Structures are given as structure tokens and as C-alpha cells.
Amino acid sequence: MKHTIKPSLFSTSAQCRPVRLRVSFGGLRVDLFSGISYDADKWSTETSRPKPNTKNQFRQSAAEVNRIINEQTAFIDNYFDECEFRKQPPTTSDLKQRFQKQFRGSGKTDETLLDLYDKFLQNTSTSKAWTDNTYKLYRQIRTVIADMKTINADTLDSLALELTESGHNNSTTIFYLKRVKTFARWLNKNGYSDYDPSDYEINLKQMDDHHIVFLESNELDALMKCDIKSETVARVRDIFCFCCFCGLRYCDVKSLKKTDIHNGCINIVTIKTHDPLAIELNQYTRAILDRYADYDDILAFPVQGLKEYNENIREACRLAGIDTPTTKTAYVGARRVETVRPKHDCIASHCARRTFVVQCLTRGIPAEVIIQWTGHKDFDAMKPYFAITNTTRKNAMARFDQITN
């Protein structure tokens, strides 16, 4: 059957890039990854081969790489000859499966799983334009897979068991497994593994209703009015309260510029979801902005790193007397675990955004309007907040029953 095979470098911004073989036939196209990587400045787009007398970062010469490409090209040609002989139509999935089985590991025998993970971090963080926080989250996974030699369904099951036995709750275990699956998909896509994790299911019990920690109206009022001696803690309190009254995430308030605020409105494109948002100012956000009008020529606020920010907001909440016993429930494997701590110990940066949503719903602001301010995708994402405000309304109405003559 007529077909074409074109070797090329995978399109990433990294210098050393995977070599792929793009196969086209019958109006279909499939990319097969050779398992080789080559530097972009040492690759000839005219010949679709490495430039003569060059080597890649793994010390493989152009001649050696050409030999592997020629071998893989011959395999593809033979596949189409066999299909024609057997009168069976070729398919992209069949070709890809056979190719990966035949050449799994070609040109990369010296690379460990951690070597490949470092390559995954470099390539994907650039191509997906990861934020610093996303990069740090994926860096943590390197420690999780440090002892793994390969990734498949069995090793993912073993990892889940290991994390559970180490005392991680199921939410944390699922968090890690999802990111290891992302790496496994990258390995499969780039021809480093024939295991496709798409069908792997993570079956760990979680709470049906995720417990949302937020500030009640009286707690938010106490936090705003609290006399805090430490300038650093007071500054973090102000920024946190600003987010409680506009719904901005930590990453967005950290990068908020003075030029983002004009005509009585905050106009930003969110860092996490790239959503354009317009959030009208209110008396509280205006007052806090005015307080920091002379802070900087560019940024609106002096926002600390996330770890220090969370530590200081917990301290501010402690000083404000926000100490209601708060129960957090989680599952570790099949075991239900409950911990009770004062509320100030449970506060973190994202609680401000949650507080904003709850306060809006409590004040009767329509969900359609709130979504425009917060960037939530749909009403399903708001369901946990609806449950909270329903409880708040019931408690408020119950106060009438406490009135005595």
C-alpha cells in the first residue's frame, strides 16, 4: 500500500528533542517515536537526518542514529507489504502497537526512569507553559517514583499501596497517582514505553462532600479588625482579606499589577486557567488597595512566597481568635480518620476564595454572577458551596426559635 515515512524532531522548545517517524497512508497519519533524541541544531530538516559527524547528548553518532532510523523505516515498509499480502487493511493502532513492541528501548538503553522523568519535566513544562507552582508539584513526583524501574498497572498498584501504608490519605495518594499517570502517558506517546495508562482506574474511597474550610462573617470581621503588631503578619492579613472580598487566587493576587485595576474593576487573565475575568471593586477591596497605593510602581501588593504566606495567615487568624474546633475527615486506604484542630490551623491561601463564594451566596448574589467573578466552569463546581449556604440559612432561621418573651 502506498505510504510515506518522514523522520523529524518532535516539536518542543527543548534543545534535545525526540525523533519521530511520521507515517501517512490512506488519508491517515500516525507518529511513531524512535526512542532516540537529537539536538535541534544538529538535525538537518532537508535530509530528515542528523547532520554528518555529529553526536547527541547520549554520545550516539549520526551514523548510529541513521542505522536505527533505517531499521525502523524498513520495519514500517514490511508492515505495509504484509498487510497487502494478507489483504488486511493497515490501521494506525496496529502499526503503533507492533512498532512499540519491536523497538521498545531503541537508542535509550542507558536512560533510567528518573532520566526520562527529568526529560519529561524539561519538555512538558516548556510546551505546556507550566507555572512555577505546577513545576514544583511535578518535581515532588520525582521522589515518589525514585525506586521504580518501570511504570505499568502492577507498579501503579504497588505505588498506591506504598503511599497508603506510609500514612498518606487517599486524596494525597490519588494526587500522586494522577501525575504519575501523566508521566506514563508521555512515555507511551514518545515511544519509551508500550504501556498506555488510559484505562488504569484509581479506586480509592474519598469523602463524598469535600470539607470546605472558610471564614464565617463574624470571623472575617474579627480578622479585619484585629490589632496585629507584626507588620508582616498584618500585611498578609490585608492581602488575604482582599481575596476574601474579590475571590482572587493566591497566584493571581501575587502577580496583580496596578494597571490591572481601572474604572473601578479588576481585569485579569488568571494564571491557573487562563480565564479573562472582570471583578468589580467594593468598599473593602478599595480600602485595602488604597492602603497599599504607595507600595510599588508596578505590583499592587507585597505578596510573600506561599509557605510563608500560609504560616502568617494562620498566625493572623490565631490572633483574631478564630479557634472553633474544626473536624477534618479523610480516608487512609479503607480506614476513616478524623482529626480535630482549631480553625486557625486549617486556614490556607485558598480559604479566601472559598470565603468569597460562601459570603456571596449567603448575601443572595446569584450563582451566575459569582461564576463570572471566579471563573468556575459550571454549576457542578458550586454544589459544595450550595450545601454550606443551605446549612447557614437553616442556622440563621433557627435563631428565631431562641427568642423568648
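Reader: Which residue, with a positive phi, follows helix α11?

Author: The phi of the residue after α11 is near 75°; helices are DSSP runs of H or I with at least four residues, strands are runs of E with at least two, and both are numbered from the N terminus. This is a predicted model, so local features need pLDDT of at least 70 and side-chain atom pairs count only at pLDDT 80 or more, while totals for chains, interfaces and linings use all residues. Residues are numbered from 1 along each chain as its sequence is written, and side-chain values use heavy atoms, leaving out hydrogens and water. The residue after α11 is Gly 321.

Reader: How far apart are the end C-alpha atoms of α11?

Author: Helix α11 covers residues 306–319, which is 14 residues. The expected span is 1.5 Å times one less than the number of residues.

Reader: Which helices do the buried residues of α11 pack against?

Author: Buried means under 20% relative accessible area, exposed means over 50%, and partly exposed lies in between (1.4 Å probe, protein chains only). In α11 the buried residues include Tyr 309, Ile 313 and Cys 317. With contact meaning heavy atoms within 4.5 Å, the packing partners are α7 (217–225), α8 (231–244) and α9 (250–254).

Reader: Is Leu 116 buried or exposed?

Author: Leu 116 sits in helix α3, residues 113–127. Beyond its sequence neighbours up to four places away, Leu 116 touches Glu 111, Phe 183, Trp 186, Leu 187 and Tyr 192. Because its relative accessibility is 8%, Leu 116 counts as buried.

Reader: What is the bridge partner of Val 332 in β10?

Author: Two strands pair if DSSP finds at least two bridges between them. Strands β9 (residues 325–332) and β10 (residues 335–342) have eight bridges and run antiparallel. They form a hairpin with two residues between them, and Gly 333 in the turn has a positive phi of about 65°. Across this pair, Val 332 meets Arg 335.

Reader: Which residue of β8 stands opposite Val 269?

Author: Another open sheet has the order β6-β7-β8, again with antiparallel pairing. Within this sheet, β7 (residues 265–269) joins β8 over five bridges. Opposite Val 269 stands Pro 276.
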